[in-house]
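Please read this briefing with the sequence and the model side by side.

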Amino acid sequence: MKRIESVQNQKVKQWRKLHTKKERETTNTFLIEGLHLVEEALKDKSVIKELIISEETSIPAHWNVDDLSITYVTNEIMKAISETESHQGAAAVCAQSEQQEIVSWKKAVLIDAIQDPGNLGTIIRTADAAGIDGIILGDGTVDPYNSKVIRSSQGSIFHIPIIKRKLDQAISELKDQDVAIYGTSLQNGVDYRKAEIKESFALLIGNEGSGVNENWLKLTNQNLYIPIYGKAESLNAGIAAGILLYHCLGNK
């Protein structure tokens, strides 16, 4: 059993560095905290590189932690590595998703420069619930392993493939597999309820302020929009993604 008692321990310093994007990218790992997120990660134990448990916390009896590297720490250390006001006594260092081919994907979400962590986390959670094959993140998108994204995803980040790729390349690959690309824009767009949706599709969601890059809109099969009946200027990107995803799934 490994135990650390000092916040000055080198490993503790390493864990704290994982709150930075640079360190996450360098090590290809990320830190999660909280009982729910750790439990979701445990559904595929291979993603967990190290389990961190506070000395004041008992590992739930139903958790299968066999063969896992477990380090016990003081309450002070757990507070030091936590980004939440009150930690739950459990954290883990996890491996990031591996880049993979998308040739088998028949339903996907493409993300163009979504910058709000809550929006990206909500989209990941919604895509997971909708049974989407995977999510492709284009340039300018917030790091999916940002702690706010992870918390907003409610653990769905462990259930669905998430890869980074140039969107023009991804769109080309998907089209080669006869996957229709639906953009989200008023530009040459149609009311989403009037569009004919193919069984294999990819939904392209754009930046909260500027929408989808015009270069990508030129590559879509069809652009969709959601009518606004009240005085709101626009819909939240996560909400819009949910409406359109479930419509596309049910309109085949």
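Buried means under 20% relative accessible area and exposed means over 50%, with partly exposed in between (1.4 Å probe, protein chains only). This is a predicted model, in which local features need pLDDT of at least 70 and side-chain atom pairs count only at pLDDT 80 or more, while totals for chains, interfaces and linings use all residues. Residues are numbered from 1 along each chain as its sequence is written, and side-chain values use heavy atoms, with hydrogens and water left out.

**Salt bridges**
- The structure holds 9 salt bridges, each defined as a side-chain nitrogen of Lys or Arg within 4 Å of a carboxyl oxygen of Asp or Glu.
- One of them joins Glu 25 to Lys 21 (4.0 Å, N to O); Glu 25 is partly exposed at 45% relative accessibility, and Lys 21 is partly exposed at 41%.
- Arg 24 and Asp 143 also meet in a salt bridge (2.8 Å, N to O), a pair that links distant parts of the chain, 119 residues apart, and both residues are buried.
- Arg 165 bridges to Glu 173 (3.2 Å, N to O), where Arg 165 is buried at 13% relative accessible area and Glu 173 is buried at 19%.

**Strand S2**
- Helices (H or I, at least four residues) and strands (E, at least two) are DSSP runs, numbered from the N terminus.
- In strand S2 (residues 29-33), 5 of the 5 residues are buried, so the strand is largely enclosed by the rest of the structure.
- Thr 29, Leu 31 and Glu 33 are buried on one side of S2, and Phe 30 and Ile 32 are buried on the other.
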